[in-house]
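Let's take a quick tour of this chain, from its overall numbers down to a few side chains. Have the viewer open as you read.

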Amino acid sequence: MKETILTPELMIEELMFYIHQEEMGGDCIDPDNRFFPLYLELQKLKDKIDNDKHDLYVSVKNDEVRS
């Protein structure tokens, strides 16, 4: 049996997809939907994680040291 390992990034994306498809109808993001605040916070968290990865990549690539 193959074990599926979900990283935090994948879990965020899966939850956002579920909210968009099942709770918002899949067409557009409705700011009046009761799950919109959660969706927005998940998007912010995903962006932060992506930016942190990019910052780490840039600092390693440029041989920078962060304290």
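Among contacts between residues at least 6 apart in sequence, what share joins residues at least 24 apart? In this predicted model, that share comes to 32%.

As for the fold, DSSP gives two helices and zero strands.

| Quantity for the chain | Value |
|---|---|
| Buried residues | 18% of the 67 residues |
| Accessible area | about 5800 Å² |
| Part of that area from carbon and sulfur atoms | 55% |

Now for the inside. The largest nonpolar core is a set of seven residues: Ile12, Met16, Ile19, Met24, Tyr39, Leu42 and Ile49. Two elements, H1 and helix H2 (36-61), each give two or more residues to this core. As background, nonpolar side chains in soluble globular proteins tend to be buried together.

Some nonpolar side chains sit on the outside, though. Leu6, Leu10 and Met11 make up a nonpolar surface patch, and together they have about 260 Å² of accessible area. Leu10 belongs to helix H1, which covers residues 8-23.

How values were computed: Residues are numbered from 1 along each chain as its sequence is written. This is a predicted model: local features need pLDDT of at least 70, side-chain atom pairs count only at pLDDT 80 or more; totals for chains, interfaces and linings use all residues. Side-chain values use heavy atoms; hydrogens and water are left out. Patches are made of residues with over 30% relative accessible area and no salt bridge: like charges are joined within 9 Å, nonpolar side chains (Val, Leu, Ile, Met, Phe, Trp, Tyr) within 5 Å. Accessible areas come from the Shrake-Rupley method with a 1.4 Å probe; for residues, only the protein chains shown count as cover. A salt bridge is a side-chain nitrogen of Lys or Arg within 4 Å of a carboxyl oxygen of Asp or Glu. Helices (H or I, at least four residues) and strands (E, at least two) are DSSP runs, numbered from the N terminus. Buried means under 20% relative accessible area, exposed over 50%, partly exposed in between (1.4 Å probe, protein chains only). Contact means heavy atoms within 4.5 Å. A nonpolar core is a set of buried Ala, Val, Leu, Ile, Met, Phe, Trp, Tyr and Cys residues joined through side-chain atoms within 4.5 Å.
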